[in-house]
Amino acid sequence: MKAPPAAYRPRRDHLWFARTRNYTIFVLRELTSVFVAWSVVFLLLLADAVLGGRLAGFAALAAQPWMIALNVLALAATCFHAVTFLNLAPKATVVRLDGYRLPAWMIQGGNHSLWLAVSAVIAFFVLRGFH
Amino acid sequence: MRRTLEPYLWLLFSGGGVVAALVLPVLVLLFGVLMPLGVLDWPTAGHLGGLLGNVLVRLALVVVVVLCLFHAAHRIRHTSEELLGIARFDLVVALLCYGGAITGGVLAVMLMF
């Protein structure tokens, strides 16, 4: 008697993300999340150093060349994440004003303006604040 | 209809995406690049301590940490499964990713309060 045929399993394409430019950009965008997580860890280390009175030690660590390189990558990744995520909003949100559908560029423009404003407020409080 | 956790995880994911987009680049630019390179001076410990002394700032930081970590956990879970072909271990991967996010959130709360 013949053994029952095994279930068909298509061969896995291990390099699927390199097949088209869109796949590569998709994977790169997803991988920005690793740097999002790293940035959070970096901020927690900073907060821990400030609260523990070890800011000078943290500044020395942050000035290590490998750390600067890592954070330059993190900056590029978080900016890529920000641009792609804020540009995605019109796909998820449809805004209608009296039957007029707000075009995508207006929603994206609003998001990017908000990004700029929030960044300016944070930079103001970090660098200067109200004395 | 059976209720699942999925919508809430997606809510955490998209909330984290927005918060990460608005808040992280400027903080990494300032503390991770410009200050270490000497382009900008480090603020004094007193100034940064004063900022963290405000309970609203500490609360905001905890919210940022929790949302960003859940956003990252969700993406890392699905991307690692697709990239490495380990979708059959979804339960373990999910536990590791969300467990990491919960641990980070707990650490942030312990640090701030």
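Trainee: What makes residues 51-70 of chain B a helical span?

Mentor: That span is 95% helix and 0% strand, and its end C-alpha atoms lie 25 Å apart. Helices here are DSSP runs of H or I with at least four residues, strands are E runs of at least two, and both are numbered from the N terminus. Keep in mind that this is a predicted model: local features need pLDDT of at least 70 and side-chain atom pairs count only at pLDDT 80 or more, while totals for chains, interfaces and linings use all residues. Residues are numbered from 1 along each chain as its sequence is written, chains are lettered from A and ligands numbered from 1 in the order in which they are written, and side-chain values use heavy atoms, with hydrogens and water left out.

Trainee: Where does the label "transmembrane region" come from?

Mentor: From an unreviewed UniProt entry, whose annotation covers residues 7-31, 51-70 and 91-112 of chain B. Positions follow the numbering used here, feature names are shortened, and annotations may be inferred rather than shown by experiment.

Trainee: Why is the contact between Glu30(A) and Arg75(B) called a salt bridge?

Mentor: The term asks for a side-chain nitrogen of Lys or Arg within 4 Å of a carboxyl oxygen of Asp or Glu. Glu30(A) and Arg75(B) have 3.4 Å from N to O, so the pair qualifies. Glu30(A) sits in helix α1 (residues 21-51) of chain A and Arg75(B) in helix α3 (residues 55-84) of chain B, so this bridge joins two chains.

Trainee: How do you know whether Glu30(A) and Arg75(B) are buried or exposed?

Mentor: Check relative accessible area: buried is under 20%, exposed over 50%, partly exposed in between (1.4 Å probe, protein chains only). Glu30(A) has 9% and Arg75(B) has 4%, so both count as buried.
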